[in-house]
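Here's a quick briefing on how two chains meet. Have the structure open while you read.

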Amino acid sequence: MTAVVLDVAGVGKRYASYRSSLHRFATWCGASIAPTSVYWAARDVSFQLRAGEALALIGQNGAGKSTLLKLITGTILPTTGALHHAGSISAILELGLGFNPEFTGRENIYQAGGLLGHARGLLDRLMPEIEAFAEIGEFFDRPLRTYSSGMQARLAFALATAVRPDILIVDEVLSVGDSYFQHKSFARIRKFKEDGTSILLVSHSMGDVRALCERVILLDKGRVLKDGKPDEVVDYYNALTAAKEQSNLAVEQSREDGGWLRTRSGTLEVVMDRLELVDPNSGQKIATAQVDQPLDLVASVTVNQDVPRLVLGLLLRDRTGHVVWGTNTWHTKQSLDHPKAGERIDFVFKFQCTLGPGSYAVSYGLVSSESIHENTFEWHDNALVFDVLNTHLPFFVGTTRLPGEIVIRR
Amino acid sequence: MLETAFAVWKFRTFILASIRGELKGRFARSSLGAMWFILNPLAQAAIFALVLSEVMGAKLPGTTDKAAYPVYLMSGMAAWGLFSEIINRSVNVFIEFAPTLKKIAFPRICLPIIVGGGALLNHALLLCAMAVVFAFYGHFPGTSWLAIPLGMVLISAMAFGLGILLGVFNVFVRDVGQVLSVVLQIWFWLTPVVYPLNVVPANLSWMLAFNPMVPLVQLYQGALLHDQWPPVTSLIFPVVLGLLLVALGLLVFRRASPELVDVL
């Protein structure tokens, strides 16, 4: 066990509103006036970070991730509890802070670098390395206002990581710039970790989380919901998100009597009870798949009323909403005629997961013909979300794994 | 107090670079660049001189020198300009830097220091420009110009203390900034910058006694126009008030600091 570099003990952050600002001013002078409303952005958060450990904070928007990072960085102070850290902290909560648009890249390194507490002499020594890492060429000596946003991000990241800290805090900034620079910045963070830096990462990309961190904390409404290994916590998180999506569906369905949502959500003559991704080898439900893994997409359907015909349509989208694949049982000549009320039908889509690493969502439609516009029994967008990881195969980008190999002749 | 000073020292690179940035931002991409340092105050003084002395027939009593009024005006304007610039910028500086304050841990006291430093540097350049302009009028710097740095220190101390105080309050109650612009205008006309002190009616002169800017503006006017040193007794009030305001400003800043970022 390595030494503890960051100790977060029972930390809470309360945001208070007062009836009048005068009341707030009075509290500075020692008066005890109760605020009219309070909001706890973080509550009773405790964990320890050890040297060389990489920890990810995940959770939905508003779960308190950024608040916690600000508390650890020190820009806001905790209302309760205490934070202790051993060694230097470097926080990249936003890139490009402290930059002056009229300054050149080089001049901005002095200003923004000074904002990080670096002295001029140190910045002089770091300058060649920063310039080399940013790779913005002659723009380095041009005013910042002429930069593209990607170039600004490159300069900012090069500066923010110019010195290896003992603790590195990163908030959602790995997705800046082009993919070449993303990989380069990722590699630098990985190198820091190898050299003994502890890393605290906030990300919505479960791929990044799994690739870098050996521990994940799930936050919800300001509290720690789960703390453990990435597989365990990420799957729990995905299940939680799915549950919330299901409850949204219930809300939509409950508004059925109101009328206007009826056409969108379907007639409910046939409904989906269960949609799961299953590992055919173990029979276990999974939320994360490997590239090339064989998978079963299991859809269990209940027929509520007699219908003339039943067709199941499936659609797979990537994170940006692009359709990766889609078909239905009419096209595969498997439409079912005259299913009876009360009947339960299982559809199993067996496939090889030839998808690229990333996050994917399954939408389905239960309809009576090849067209979704007539007799839609149920339609549900992004009903199931799962991640695909590439841990065994050589690195590749894109949403499709093309089977093939590179042959070299010389 | 000592750790604040130490923190400021540690962030000196940032402070110096930011002051340079303030200056650069002001004149970047204007073809005349730093020339505007001379042109702006010159134009302002010319307008006031034209309107007040030529059109309205205002004259400085006890002098026949045609240049006396513009010199008097520019001296007072320079002193007032330093004061109002520091206050006007300090009152908004925490709001202006909100994103940085929220995301980067650095000593917040750096911000008013940058504002003060930028304004002082501006002011020094303005004085150099004025020396050139005065030379054309036949007014050459005398030994009493050495009193000016003292005036600069006293004006900035008052403005710095008041600026931090109002800057902190402005974060919580944004009306402060709005009210301030009106108050500063009234304050300007209650200070003998445009008009000479002796035109103030006797029944109103008590108001001038409560205005700490009066002796400071007079210090500038005396030194630059008449080559006179300020009477020491006149400076007691500004010194005491300046010290008080700096102490109060820093105290409130310290108390408010934990909550400052919470409401930004």
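Thr100(B) is buried, because its relative accessible area is 8%, under the 20% cut-off. Keep in mind that this is a predicted model. Let's start with that residue and then zoom out to the contact between the chains.

**Around Thr100(B)**
- Thr100(B) sits in helix H5 of chain B.
- Leaving aside residues up to four places away in sequence, Thr100(B) touches Leu97(A), Gly98(A) and Leu115(A), plus Phe106(B).

**Size of the interface**
- On the chain B side, 34 residues are in contact with 34 residues of chain A.
- About 2,900 Å² is buried between chain B and chain A, and carbon and sulfur atoms give 61% of that area.
- Within chain B, the residues that lose the most area to chain A are Thr13(B), Lys103(B) and Asp262(B), which together make up 21% of what that side buries.

**Charged and polar pairs**
- There are 3 salt bridges between chain B and chain A.
- Lys103(B) forms a salt bridge with Glu94(A), with the closest N and O atoms 3.2 Å apart.

**What chain B brings**
- Helices H2 (12–27), H5 (98–103), H7 (148–172) and H11 (236–263) of chain B each supply at least two residues of the side that touches chain A.
- H2(B) gives the most to that side, with 9 residues.
- Sorted by class, the side of chain B that touches chain A has 18 nonpolar, 11 charged and 5 polar residues.

Definitions and conventions
Residues are numbered from 1 along each chain as its sequence is written. Chains are lettered from A and ligands numbered from 1 in the order in which they are written. This is a predicted model: local features need pLDDT of at least 70, side-chain atom pairs count only at pLDDT 80 or more; totals for chains, interfaces and linings use all residues. Side-chain values use heavy atoms; hydrogens and water are left out. Contact means heavy atoms within 4.5 Å. Buried area is the accessible area (1.4 Å probe) that two parts lose on being put together, summed over both. A salt bridge is a side-chain nitrogen of Lys or Arg within 4 Å of a carboxyl oxygen of Asp or Glu. Helices (H or I, at least four residues) and strands (E, at least two) are DSSP runs, numbered from the N terminus. Ala, Val, Leu, Ile, Met, Phe, Trp, Tyr, Cys and Pro count as nonpolar, Asp, Glu, Lys and Arg as charged, and the others, Gly among them, as polar. Buried means under 20% relative accessible area, exposed over 50%, partly exposed in between (1.4 Å probe, protein chains only).
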